[in-house]
Amino acid sequence: MAEVLVLVEHSDGEVKKVTTELLTLAARLGEPAAVFVGSGFDTAKESLAAHGAAKVYVADDGELTSYLVAPVAELLAQLVSSASPVAVLLSSSADGKEIAARLAIKTGSGVITDATDVRDGPVAEQQVFGGSTVVTSKVGTGTPIITVRPNSVAPETNAGAATREDVTVALSEVAKGAMITDRVVEERGERPDLSEAAIVVSGGRGVGSGENFSVIEALADALGAAVGASRAATDAGWYPHQHQVGQTGKTVSPQLYVAAGISGAIQHRAGMQTSKTIVAINKDPEAPIFELVDFGVVGDLHQVVPALTEKVRTRKG
Amino acid sequence: MKIVVCVKQVPDTWSEKKLDPSDSTLDRGATDPVMNEMDEYAVEEALRLKEAHEGEVTILCMGPDAATETVRKALSMGADRAIHVIDDALHGSDAVATSLALSKALQRLGDGGFDLVILGSESSDARMSVVPAMIAERLGLPQLTFAKEVTVEGTTVRIKRLTDDGYQAVEATLPAVVSVVEKINEPRYPSFKGIMAAKKKPVDTVSLSDLGLDAADVGLSGAWSSVESFEAAAPREAGTVVKDDGEGADKLVEFLASKKFV
């Protein structure tokens with residue numbers, strides 16, 4: 001059976017959930033073959049094997065991660081040429097999309113980003129215009145390169161051998177053009193990644209100040225959720241930009257999205273409309289967010305959210 | 001320093017976007033066109049770099065006649081000149097074809113024609129975030145993308161790349177391709193003087209043949225990916241909305257429990 005390449009996203013070998021989702025989709029198209037870049041394969045192996053990776057191409061070379069995006073695209077281009085996969089699947093992260101972009105040009109292939117489903121063909125489904133339209137697309141030229149949004153599919157367990165095959169790539173000078181000189185992690189505490197969290201609690205204009213975001217964070221922590229923010233809140237400097245959900249920020253698709261003090265303007269909806277369950281708390285009964293909700297409370301978030309946090313904690317014991 | 005800023009005209013965020021049933025492309029007639037918001041940050045960043053280092057800012061726009069408005073807006077913000085790639089055959093171009101046309105237009109400026117290419121990190125209509133990386137790949141230039149800060153010192157360009165949990169510091173030697181995120185700056189509004197001056201600024205109109213491209217290389221015929229079908233998403237079922245009478249939190253936690261979130 002032909003291979004389907006899946007680029008693994010990990011942090012020192014801790015495999016991100018989106019990778020297990022990609023392996024699940026890959027198994028529909030052919031034999032999943034993971035591509036692991038950097039160190040930590042021994043840590044990653046169990047998770048990759050449990051989600052069906054028959055083979056893992058391992059490129060444990062510091063040079064590949066010292067430069068932005070281009071080296072991994074060269075590695076994948078080499079694998080596309082040697083393994084002739086039926087498709088290459090990547091996460092719709094910033095890196096995933098840009099690696100896909102360069103790989104498409106290198107291999108003369110079409111690229112589809114932000115797929116929410118991938119089926120035999122392969123065809124990809126996308127939800128565009130803030131989730132109002134569902135588009136089915138396919139790649140007609142080259143090797144289909146598809147980036148998939150986190151939380152698009154439930155990861156399935158599916159035993160694979162995850163046999164290691166080391167690969168090396170001689171990087172071109174061009175690939176070494178943009179050097180990463182520092183990586184700065186700003187404190188997030190123990191909260192999950194916003195992009196792939198199962199639950200997201202977001203605050204907006206109604207939160208009122210940066211200090212008040214502690215109310216949002218407390219609910220997020222009680223639910224084991226990531227924290228998001230509307231553009232109004234990040235524009236005001238109440239919460240860091242990388243937490244912004246919306247058209248010019250992140251697009252999230254969690255199981256549960258809690259919007260507190262967010263009116264639900266188009267700009268925000270474009271980033272969260274495909275969430276499975278939506279809950280909102282807002283003072284204004286006319287707020288457009290209530291058109292989207294499964295459950296809404298018209299009220300003051302400063303009363304409702306702390307009370308909710310307390311009750312969630314009690315229930316969880 | 002010679003800077004080229006790529007700008008795109010898109011439907012206004014606030015308007016309802018639709019696909020045209022005849023060819024599955026964005027129905028641009030159905031919406032109010034504006035400059036892609038993220039591109040305003042790119043223009044502003046270029047103007048600030050020019051103010052700090054001297055030089056020239058050129059706007060590069062691919063789009064129909066109507067995109068002239070977006071070109072004029074960028075010029076009225078303070079850019080010096082513009083190149084407008086117009087050709088009916090470009091209609092329906094995917095990201096691969098768009099990056100091809102833009103790369104050819106950049107190459108047409110010749111060796112040393114630019115030090116920096118700056119783009120917005122995504123357009124609000126397609127939202128792919130791939131064109132900057134594709135242009136860098138095609139031109140064999142370093143890419144410094146998703147920048148929340150850009151500095152140039154001599155022939156070195158440094159950025160802070162926004163990541164999920166902070167940022168990466170990235171550096172390269174000019175020439176390079178940079179994409180910017182919003183909040184990198186506060187884009188200026190065109191002044192009355194700027195609007196008047198923009199009318200006299202040179203706009204070079206370029207066709208596909210000027211770029212050495214064939215109609216088959218771009219547009220719907222040159223697309224390497226295609227839409228098979230599209231449909232309106234199933235509407236969300238109307239939910240329950242209650243007024244908080246002191247028991248809002250209780251009702252909410254009951255709902256969350258019924259869905260097994262707590």
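Just after α6(A), Gly224(A) has a positive phi of about 70°. This is a predicted model, in which local features need pLDDT of at least 70, side-chain atom pairs count only at pLDDT 80 or more, and totals for chains, interfaces and linings use all residues. Residues are numbered from 1 along each chain as its sequence is written, and chains are lettered from A in the order in which they are written.

Helices (H or I, at least four residues) and strands (E, at least two) are DSSP runs, numbered from the N terminus. A residue is buried if 20 or more other C-beta atoms, placed from the backbone, lie within 10 Å of its own. In helix α6 (residues 213-223) of chain A the buried residues are Val215(A), Ile216(A), Leu219(A), Ala220(A) and Leu223(A). Viewed down the axis of α6(A), they fall within an arc of 135° (directions from the helix axis to the C-beta atoms), so they line one face of the helix. The elements that cover them include those tabulated here.

| Element of chain A | Residues |
|---|---|
| β13 | 199-203 |
| β14 | 226-229 |
| β15 | 256-260 |
| α9 | 301-316 |

Contact means C-beta atoms, placed from the backbone, within 7 Å. By this criterion, 75 residues of chain A are in contact with 62 residues of chain B. Helix α5 (residues 94-107) of chain A gives the largest share of the chain A side, nine residues.

Strand β12 (residues 179-185) of chain A pairs with strand β9 (residues 166-173) of chain B in the antiparallel sense over six bridges; pairing requires at least two DSSP bridges. Ile180(A) has Val170(B) as its bridge partner in β9(B).

How values were computed:
Two residues are in contact if their C-beta atoms, placed from the backbone, lie within 7 Å. A residue is buried if 20 or more other C-beta atoms lie within 10 Å of its own, exposed if 12 or fewer, and partly exposed in between; C-beta atoms are placed from the backbone.
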